[in-house]
Amino acid sequence: MKELVCIVCPKGCRLHVDEENGFAVTGNSCPRGAEYGKNELQNPTRVLTSTVKISGALHSRCPVKTDRPVAKGKMFDVMRELAAVELQAPVAVGDIVLSDIAGTGANLIAAKTMNLQ
């Protein structure tokens, strides 16, 4: 039995996930908590937030994020691809920086508008 704190909402329910009983979840106060507990043990995912280099803008780094959660096991592959990215200003919030990053199906998008310097 694994114990987790649900992060789906601010309530922070203490979940108990029974791996030997089909990942049955108790302690949740809503169905989203049950789904989170089950997924967290079977296939944990996270939205990745980071920065990439940018030229021609006021700042030298542009904040980026994935447009959907990525499997935790692929995070290092995604970060390796990010290290090679260098954008050129201007960049608008929501612009796709990389499509299907590291074969995850997720796109890397700009999280801030970066105008010319």
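The model is predicted, with local features needing pLDDT of at least 70 and side-chain atom pairs counting only at pLDDT 80 or more, while totals for chains, interfaces and linings use all residues. Residues are numbered from 1 along each chain as its sequence is written, and side-chain values use heavy atoms, with hydrogens and water left out.

The protein chain contains two helices and 10 strands. Both kinds of element are DSSP runs, numbered from the N terminus: helices are H or I with at least four residues, strands are E with at least two. Read from the N terminus, the order is β-β-β-α-β-β-β-β-α-β-β-β. The chain is more spread out than a compact globule, because its radius of gyration is 18 Å, well over the 13 Å that the globule rule gives for 117 residues. This radius is taken over C-alpha atoms, and the rule is 2.2 Å times the number of residues to the power 0.38. Along the principal axes, the C-alpha atoms fill a box of roughly 55 × 25 × 15 Å.

Of the 117 residues, 31% count as buried. Buried means under 20% relative accessible area, exposed over 50%, and partly exposed in between (1.4 Å probe, protein chains only). The accessible surface comes to about 7,100 Å². Carbon and sulfur atoms hold 51% of that surface. Such areas come from the Shrake-Rupley method with a 1.4 Å probe; for residues, only the protein chains shown count as cover.

A nonpolar core is a set of buried Ala, Val, Leu, Ile, Met, Phe, Trp, Tyr and Cys residues joined through side-chain atoms within 4.5 Å. The largest one has 21 residues. Val52, Ile54, Cys62, Val78, Leu82, Leu87 and Val97 touch the most other members. At least two residues of this core come from each of β5 (49–55), β6 (61–66), α2 (75–83) and β10 (108–110). The largest share, three residues, is supplied by α2. Leaving aside residues up to four places away in sequence, Val78 touches Leu48, Val70, Ile101, Ala102 and Thr104. Contact here means heavy atoms within 4.5 Å. Another core, of seven residues, lies apart from the largest one and includes Leu4, Cys6, Cys13 and Val25.

Gly103 sits in the loop between β9 (96–98) and β10. This glycine is exposed, with a relative accessible area of 58%. Gly103 and Leu87 are 16 residues apart in sequence. In space, their C-alpha atoms are 21 Å apart.
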